[in-house]
Amino acid sequence: MSVIVRVLVNAVALWVTTLVVPGIAITAREGHLQQAVTFVVVGAVFGVVNTVVRPVVKLLSLPLYVLTLGLFSLVVNAAMLELTAWVSSFTPLTLVVDRFFWSAVLGALVVGVVSWLLALLVPERRKRRV
């Protein structure tokens, strides 16, 4: 169940990002249902990229995280957004990022803030101790 919630949070964060950042868009067919499905599919791709690739990139760029006091995370998040755009370009449902520095970095910042706000609203499921 938490995977579905995470994909929906990613989809909403990407939707807000496409509304706020002018250089980021998602191509979809006409119709609200098809656009919603597109955001969910791209949100799932974004979740897979963040789950698989992001930890490796964070580990390899650890000295830059320390040197910049964590600000390098914006660049890593922008790279994950660009990687999601590249992976989704092989499907008919694509994420488009115009420029890396302005569009991707600002988009990563918006996705991060919206995901954080939505995570505050979603109740965390606690494990029972036996």
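In this predicted model, W86 is an exposed residue, because its relative accessibility of 52% lies over the 50% cut-off. The ring of W86 has a partner in F90, and the two form an edge-to-face aromatic pair. Their centres are 5.1 Å apart, and an angle of 85 degrees separates the planes. F90 is exposed as well, with a relative accessible area of 60%.

A count of aromatic pairs gives 2 in total. Besides W86 with F90, there is the pair formed by Y65 and F72. Y65 is a buried residue, since its relative accessibility of 13% falls under the 20% cut-off.

Attention now turns to the helices. Two packed helices are described by the angle between their axes and the distance between the axes. For helix 5 (residues 72-88) and helix 6 (residues 100-121), the angle is about 100 degrees and the axes are 8 Å apart. Helix 5 is therefore roughly perpendicular to helix 6, as this angle falls in the range from 65 to 115 degrees.

Which residues bring the two helices into contact? On the side of helix 5 they are L74, V75, N77, A78, A79, L81 and E82. Helix 6 meets them with F100, A104, V105, G107, A108 and L109.

Definitions and conventions:
Residues are numbered from 1 along each chain as its sequence is written. This is a predicted model: local features need pLDDT of at least 70, side-chain atom pairs count only at pLDDT 80 or more; totals for chains, interfaces and linings use all residues. Side-chain values use heavy atoms; hydrogens and water are left out. Axes are lines fitted to C-alpha atoms, for helices over the stretch in contact, and angles run from 0 to 180 degrees between N-to-C directions. Helices (H or I, at least four residues) and strands (E, at least two) are DSSP runs, numbered from the N terminus. Angles under 35 degrees count as roughly parallel, over 145 as roughly antiparallel, 65 to 115 as roughly perpendicular and the rest as oblique. Contact means heavy atoms within 4.5 Å. Rings of Phe, Tyr and Trp (its six-membered ring) pair if their centres lie within 6.5 Å; planes under 30 degrees apart count as stacked, over 60 as edge-to-face and the rest as tilted. Buried means under 20% relative accessible area, exposed over 50%, partly exposed in between (1.4 Å probe, protein chains only).
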